[in-house]
Amino acid sequence: MSGVRWGWLRHLSVGGQLFLSYLVVISVGMAIVLLGVRSLAPTFFAQSMSHMMGGRMGGMMAGIMTSAMANLINQAFHEALASSLVVATAVAAGVAVLASYVISQHVANPVRRMLAASRRIAAGHYSERVEPAGSTELSELAESFNQMAASLEETEQRRLALVGDVAHELRTPLATIEGYAEGLLDGVVEPSEEAFATLYREAARMRRLVDDLQELSRAEARQFSLHLQAISPHHLVETTTARLRPQFEEKRVQLDVSLPQHLPTIWADEDRGAQVLTNLLSNAWRYTPSGGRVEVTARSIGDFVEFSVRDNGVGIPAEHLPHIFERFYRVDPSRSRAGGGSGIGLTIARHLVEAQGGTIRAASAGPGQGSTFTFTLPVSR
Ligand code: ADP
């Protein structure tokens, strides 16, 4: 019932509702004061008069005061009381209305500003922020609103950067395919085995890139399922290195595994763990020339097992180290691209390790000094 009767209130703005509620509270307060004064003041006045008459001076006054005088005093008191109540009520009402308006605006303004900002964000202006103002709760609301806006802005920037990066990455193989296809059509390029091999290689590179992108988008959105279970670090390292060993032998890069006899079991997803290790080993293989050496080690540190892949290959200049886990980041784009690298592998590896509760980092003493990639996975409890 009350919902129906008070329903119209919902159509008022926050400021309007506050203003109205202040007015109601003040009016009720004033009505009580008025009624109280009007009903109690004459009694108190009469009491006070009879008290005065009872005193030493009062006895003298009672002697000279006639009942007509007493009536006159009573009437004067009532008139004075009524006039002062009218004036006081008028002044109080005016001040109350003004104060209610100022306070309700003070509360409603930050809400209004947030409303306007949220509308601008919805329209795509992600740089919009609001100044924290008003009560503690409203300031906190403004701060979390700003955080939300910042993360929306970041997501949008990442989306734009991704679209730009993908377009850039696809352009190179597409340009090659287009050039060859055009040359073959015009008869400028001989339909040789070499020409078809190039076309095939570029198409394969594009497919690899698209596969990597799909994997990256899943990893970035954390849209992959993790089957966490207790697994043996020995098993993880040995099965992965066994799979990649032929590739290393073919390139004549020595692959050594050196694990301590006892390592705690880890709590991880076996396939994802193997994917990370495979990625680091493939990179080590790619960036280590023939005759080089790659070593896989592991050790137990606190609640984690730390895996390391160390190579004595091309190394990474110090200024590139902080960036190599970023999407599409390559130290030497032409060399990496020619080797089939998309600059996404380490980004995916980082997401996979972090999703399993671990960390990943890279170290290198500089160009030609080799690199070491280290990641941790939590120990099973
Ligand atoms: P890519 O597919 O290009 O190898 P990654 O994300 O796996 O992409 O690696 C990013 C960049 O980090 C590579 O382009 C390369 O420059 C550098 N990098 C990764 N691993 C190594 C390594 N073992 N030795 C030297 N540089 C490496």
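Is I121 buried or exposed? I looked this up before anything else. I121 has 6% relative accessibility and therefore counts as buried (buried is under 20% relative accessible area, exposed over 50%, partly exposed in between, with a 1.4 Å probe and protein chains only).

**Basis.** I am working on a predicted model, in which local features need pLDDT of at least 70 and side-chain atom pairs count only at pLDDT 80 or more, while totals for chains, interfaces and linings use all residues. Residues are numbered from 1 along each chain as its sequence is written, and side-chain values use heavy atoms, with hydrogens and water left out.

**Entry: I121.** I placed I121 in helix α4 (helices are DSSP runs of H or I with at least four residues, strands are runs of E with at least two, and both are numbered from the N terminus). I then listed its contacts, leaving aside neighbours within four places in sequence: Y126, E128, F145, A149 and L152 (contact means heavy atoms within 4.5 Å). I also checked I121 against E153: the two are 32 residues apart in sequence, and their C-alpha atoms are 9.2 Å apart.

**Entry: salt bridges.** I searched the whole structure and found 15 salt bridges (a side-chain nitrogen of Lys or Arg within 4 Å of a carboxyl oxygen of Asp or Glu). E153 is in one of them, with R129, and the closest N and O atoms are 2.6 Å apart. R129 lies in the loop between α4 (67-122) and α5 (136-186) and E153 in helix α5, so the pair ties together parts 24 residues apart in sequence. R129 is partly exposed at 33% relative accessibility, and E153 is partly exposed at 21%.

I next took E156 and R159, whose side chains form a salt bridge at 3.0 Å, N to O. Both are in helix α5, and because they are three residues apart, about one helical turn separates them. An α-helix has 3.6 residues a turn, so residues three or four places apart point the same way. R159 has a relative accessible area of 44% and is partly exposed.

The pair of E215 and R272 has its closest N and O atoms 3.4 Å apart. E215 is partly exposed at 22% relative accessibility, whereas R272 counts as buried at 18%. I also noted one network, in which salt bridges that share partners join D256, R293, E295 and R310.

**Entry: the sheet.** I traced an open sheet of five strands in the order β2-β4-β5-β7-β6, with mixed pairing (two strands pair if DSSP finds at least two bridges between them). The edge strands, each pairing on one side only, are β2 (254-258) and β6 (360-364). From one strand to the next the twist averages 15 degrees (axes are lines fitted to C-alpha atoms, for helices over the stretch in contact, and angles run from 0 to 180 degrees between N-to-C directions). Strands β4 (residues 293-301) and β5 (residues 304-311) are antiparallel, paired over eight bridges. R299 stands opposite E306 in β5. Helix α7 (residues 233-251) packs on the sheet and touches β2, β4 and β5, and its direction makes about 170 degrees with that of β2.

**Entry: helix α10.** I listed the buried residues of α10 (residues 345-355) as L346, T347, I348, A349, H351, L352 and V353. Their cover includes α6, α8, β6 and β7 (371-378). Just after α10, G357 has a positive phi of about 90 degrees.
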